[in-house]
Amino acid sequence: MPARILVVDDDPAIVEVLRRFLNHEGYTVVTANNGIEAIERVHEDQPDLILLDVTMPKMDGFMACRRLKEDERTALIPITMLTGLDDQDYRTRGIEAGADDFLTKPFDQTTLRARIRSQLRLKRLTDQLEHTESVIFMLAQAVEAKDPYTEGHLTRIKTYGEQLAIASRLSAEEVRAVRYGGVLHDIGKIGISDSILLKPGPLTPEETDVMRRHPEIGAQIVSQMRFAPKITPIICSHHERWDGSGYPEGLVGAAIPIGAQIIAVVDAYDAMMTNRPYRRALSAEERIAELRAGRGTQFAPDILDVFLNLIVTSTLVQLSQPELR
């Protein structure tokens, strides 16, 4: 299937030159006349590459590029900015907007051909990574499906973690890492034997040691994801405790990544709300008491205070829990 390229320029002559060239090279071409129309075309046609002019009416190329790169649905589409000015200031503004490459008009066909092929190779690699990441998320769901008592756990951790991250005033990038970390925090359990993972009674010391390997196994599984540098610290450290008595590294206080601090709180909270074979779900008052008892020992004080405020003020959006079966 030929790659689809979106050409965005308000000059019909430039659009026609690029259309003919790209069609001759075997690509499918779609066009737009300005930034607003470009964003609409991207969502409708899902191009593999965008050739985006800088100076256009209604919305210029810098703004269109920025909006596309800020949207998770379109952020990974490579954007090559087109300009008739070999101006360093334009390149700086393009880089700040998230552009992947630059081409100066008039175009040299050899250079244009090489740059397009390079960006499309990048897109193919990105698509392969996306497929890999989809498989990893499916593995996480497979782990959850093993245990009927954790039904919906990943969705709840993702949702509670995201709310707590936003309330803690984390950046958009950090919030996204917490969201992904919430889904993937227990993926390492896929490397733990079911005889240990689903054991109804207490674990032996040897079994406990095996179970405690799951954060490191999980970090290794996701190490090839694009967002691995942001997610692996959350996965690896979500069982660390504020007083240093957690695992796998015994990190103390602020040495624990803030995303892991957040997941530690919401993970414990969700466990308290869920019926288990060995105990019933705790009441609202019991949950709050348990969380407060862990302040400064199990949980980061500041993060816990924000979470308790969400609960007490009924700001936290609660999700339903599974019934004991």
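**Reading helix packing, sheet order and aromatic pairs**

The crossing of helix 6 and helix 12 (residues 258-273) is right-handed in this predicted model.

Q: At what angle do helix 6 and helix 12 pack, and how far apart are their axes?

A: The packing angle is about 130°, and the axes lie 9 Å apart. Angles from 65 to 115 degrees count as roughly perpendicular and those over 145 as roughly antiparallel; helix 6 is therefore oblique to helix 12.

Q: Which residues of helix 6 meet helix 12?

A: On helix 6 they are His153, Arg156, Ile157, Tyr160, Gly161, Leu164 and Ala165. Their counterparts in helix 12 are Ile262, Ile263, Val265, Val266, Asp267, Tyr269 and Asp270. Sorted by class, this contact comprises 9 nonpolar, 2 polar and 3 charged residues.

Q: How do helix 6 and helix 14 pack?

A: Helix 6 (residues 153-167) packs against helix 14 (residues 301-312) at about 110°, with 10 Å between the axes. The two helices are therefore roughly perpendicular, and helix 6 passes helix 14 in a right-handed crossing. Gln163, Leu164 and Ala167 of helix 6 make this contact with Ile303, Val306, Phe307 and Leu310 of helix 14. The residues involved are 6 nonpolar and 1 polar, with no charged residue.

Q: In what order do the strands of the open sheet lie, and which strands are at its edges?

A: The sheet has 5 strands in the order 2-1-3-4-5, with parallel pairing. Strand 2 (28-32) and strand 5 (101-104) are the edge strands, each pairing on one side only. On average, neighbouring strands are turned by 20° against each other, direction ignored. Within the sheet, strand 1 (residues 4-8) and strand 3 (residues 49-53) run parallel and are joined by 4 bridges. Leu6 stands opposite Ile50 in strand 3.

Q: Which strands do helix 1 and helix 2 lie across?

A: Helix 1 (residues 12-24) lies across strands 1, 2, 3 and 4, running at about 165° to strand 2. Helix 2 (residues 35-45) lies across strands 1, 2 and 3, at about 145° to strand 2.

Q: How is a pair of aromatic rings described?

A: The description uses the distance of the centres and the angle of the planes. A search of the whole structure finds 3 aromatic pairs. One of them, Tyr180 with Phe227, is tilted, at 5.5 Å centre to centre and 45° between the planes. Tyr180 belongs to helix 7 (residues 172-184) and Phe227 to the loop between helix 10 (214-221) and helix 11 (228-237), so the pair ties together parts 47 residues apart in sequence.

Definitions and conventions:
Residues numbered from 1 in each chain as written. Predicted model: local features only at pLDDT ≥ 70, side-chain atom pairs only at ≥ 80, totals over all residues. Heavy atoms only, no water. Axes fitted to C-alpha atoms, helices over the stretch in contact; angles between N-to-C directions. Parallel < 35°, antiparallel > 145°, perpendicular 65-115°, else oblique. Left-handed = near helix turned anticlockwise from the far one by under 90°. Contact = heavy atoms within 4.5 Å. Nonpolar A, V, L, I, M, F, W, Y, C, P; charged D, E, K, R; others polar. Pairing = 2+ DSSP bridges. Phe/Tyr/Trp six-rings, centres within 6.5 Å; stacked < 30°, edge-to-face > 60°.
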